[in-house]
Amino acid sequence: MNTAVDEAKGLNHSVVSNERWLSARQALLVREKELMRMQDQLARDRRSLPWQRVENNYVFDASEGRRTLSELFESRSQLLVQHFMLGPGWEQGCPSCSFMADHTDGMTLHLAHRDVTMVAVSRAPLSQIERFRERMGWKFKWVSSNGSDFNYDFGVSFRPDALARGEVDYNFHMTSFPGAEAPGISAFYKDDSGQVFRTYSTYGRGVEVMMGTYHMLDLMPLGRAERDVPYKMEWVRHHDRYEPAQKVPTTATSIDFASPAFPIGLP
């Protein structure tokens, strides 16, 4: 290892013997194991949350026709929904939601074998969804909630009057928000009688659970290499819009925050 090279990159890390490296790694392993146990307990607590009965009979436009929320489960008892930011009239989906969705196709088969159906839901009309899906090459199920209150009821779309007041109900509290659509993930269960329940929803940075790339970056010496700005994901592009991969720039390229496809960066 070359300390001079590390310093030139701005890392300025010490370079130590194998014994000292192993000692430091073992100390960190203790903390990692502690965090894993805490995450396991948090997962148990999450599963212990009370459920909310879904009273509204939501109907969605799907490629095979109109489908109720209950029918989206297909033959399974659990449904996982990505609330995908693609509003009516948008030319393309949110780059950050697209970053999430890039991880989906590899998961759906495995989830199905654990009794989980995964689907994306957007407020854009189905024809708009299908155009963007074809461009991105995705295969996962994606339906339109256009014409229903689904997005509003689950806190990922905001009506004009709420936006005009400058405060919306997002991530379980009232807050300002820069657009009419927001990201989220919701989990549902359907019992033997056909009753549907919401068991969990997460918003803001909670949606990072779908971002496997982030988890890999967190293992690397440069980490996520994001600028200290409110919207950390300013670097993310649709996977067909990246320039050839290069070294992380010292200053990120600009992005139009007035665009409806703003990056996720909320606490």
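Is Asp161 buried, partly exposed or exposed? In this predicted model, Asp161 counts as partly exposed, at 46% relative accessibility.

**View 1. Asp161 and Arg165 form a salt bridge.** The N-to-O distance between the two side chains is 3.9 Å. Both residues belong to helix α8 (residues 160–165), where a spacing of 4 residues separates them by about one helical turn. Arg165 counts as exposed, with a relative accessibility of 59%.

**View 2. Glu130 is paired with Arg133 in a salt bridge.** Their closest N and O atoms are 3.1 Å apart. The two residues lie 3 residues apart in helix α6 (residues 126–136), which is about one helical turn. Glu130 counts as partly exposed at 26% relative accessibility, whereas Arg133 counts as buried at 11%.

**View 3. A salt bridge joins Arg135 and Asp240.** The N-to-O distance here is 2.8 Å. This pair links distant parts of the chain, 105 residues apart: Arg135 is in helix α6 and Asp240 is in the segment after α9 (212–217). Arg135 is partly exposed at 27% relative accessibility, and Asp240 is partly exposed at 30%.

**View 4. Salt bridges link Arg205, Glu208, Asp218 and Arg224 in a network.** The count of salt bridges comes to 17.

**View 5. Eight residues line the largest cavity, which has a volume of about 30 Å³.** The lining consists of His83, Phe84, Met85, Val121, Asn151, Val156, Glu181 and Ala182. By class, 5 of these residues are nonpolar, 2 are polar and 1 is charged.

**View 6. Val16, Trp21 and Leu22 make a nonpolar surface patch.** The patch covers about 280 Å². Trp21 lies in helix α2 (residues 18–47).

Notes:
Residues numbered from 1 in each chain as written. Predicted model: local features only at pLDDT ≥ 70, side-chain atom pairs only at ≥ 80, totals over all residues. Heavy atoms only, no water. Patch = residues over 30% accessible without salt bridge, like charges linked within 9 Å, V, L, I, M, F, W, Y side chains within 5 Å. Areas by Shrake-Rupley, 256 points an atom, 1.4 Å probe, with all protein chains shown as cover. Salt bridge = Lys/Arg side-chain N within 4 Å of Asp/Glu carboxyl O. 1 Å grid on protein atoms, 1.4 Å probe; cavity = no way out; pocket = protein on both sides within 12 Å on 5 of 7 lines; lining within 4 Å. Points joined across faces, edges and corners; volume = space filled by probe spheres on them. Nonpolar A, V, L, I, M, F, W, Y, C, P; charged D, E, K, R; others polar. Buried < 20%, exposed > 50% of the residue type's maximum accessible area, 1.4 Å probe, protein only.
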